[in-house]
Amino acid sequence: KVELSRPFPEASEIGGRIVGEFKMAAIGAMILSWAFILASVRIRFREYKYGIAAVVALVHDVLVTFGIVCLFNRLGLVNAEVNMTMIAALLTIVGYSINDTIVIFDRVRENVSDQARLGTNDRFEDILNKSVNQTFSRTILTTGHTMFVVVCQFAVNYGSGSDLEGFSFALMVGFLAGTYSTVF
């Protein structure tokens, strides 16, 4: 009697290889996105300090989110695996955070131009404070409306074991971290 080997490997063998490759590609994509953000902010604002500040805030947002998600997963409070859905959540957080940061940076640039045009001599810290205060309601409203939807999604999926549970939990944590890192 001849036993033939199976023509296709087990799904878990393929899945494990693909997941490993995708994780490395996702990390590379995240780092590459930060480099492009640094370059585009440098071009837009003609200074590196804005780009560096934006990327540091983005790294903070991703690390805080990843750390809290891993902690809650380890404690068994949330089902959240590091998979493509989680990578999508982290990239979504980066997108939201950089958008809000750019809005504030634009306001800073406008206020610096207004100061030069009017001939006033405000400290840069005062201009930053004024700019954050001018955009604060927009930041809170945007985050609040998005957070409402994400909290509802989390509530519906909590305990189901689906990827949406981890995705929505990561978004909740990331939006909170992104909001306070953008403002501060």
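I started with what covers the buried residues of α4 (124-157): the cover includes α3 and α5. Helices here are DSSP runs of H or I, at least four residues, numbered from the N terminus. I took buried as under 20% relative accessible area with a 1.4 Å probe, protein chains only. The buried residues of α4 include I127, T135, M147 and F154.

Before going further I noted that this is a predicted model, with pLDDT of at least 70 needed for local features and 80 or more for side-chain atom pairs, while totals for chains, interfaces and linings use all residues. Residues count from 1 along each chain, and side-chain values use heavy atoms, without hydrogens or water.

Back on α4, I found a kink of about 45° centred on T135; the bend is the angle between axes fitted to the seven residues ending there and the seven starting there. Just after α4, G159 has a positive phi of about 85°.

Next I checked F169. Beyond neighbours within four places in sequence, F169 contacts I68, V69, F72, V78 and F154, contact being heavy atoms within 4.5 Å. F169 is also among the residues with the most contacts inside the largest nonpolar core, which has 36 residues. Such a core is a set of buried Ala, Val, Leu, Ile, Met, Phe, Trp, Tyr and Cys joined through side-chain atoms within 4.5 Å. Which helix gives the most to this core? I got α3, with 10 residues.

Terms used. Buried < 20%, exposed > 50% of the residue type's maximum accessible area, 1.4 Å probe, protein only. Helix = DSSP H or I, 4+ residues; strand = E, 2+ residues; numbered from the N terminus.
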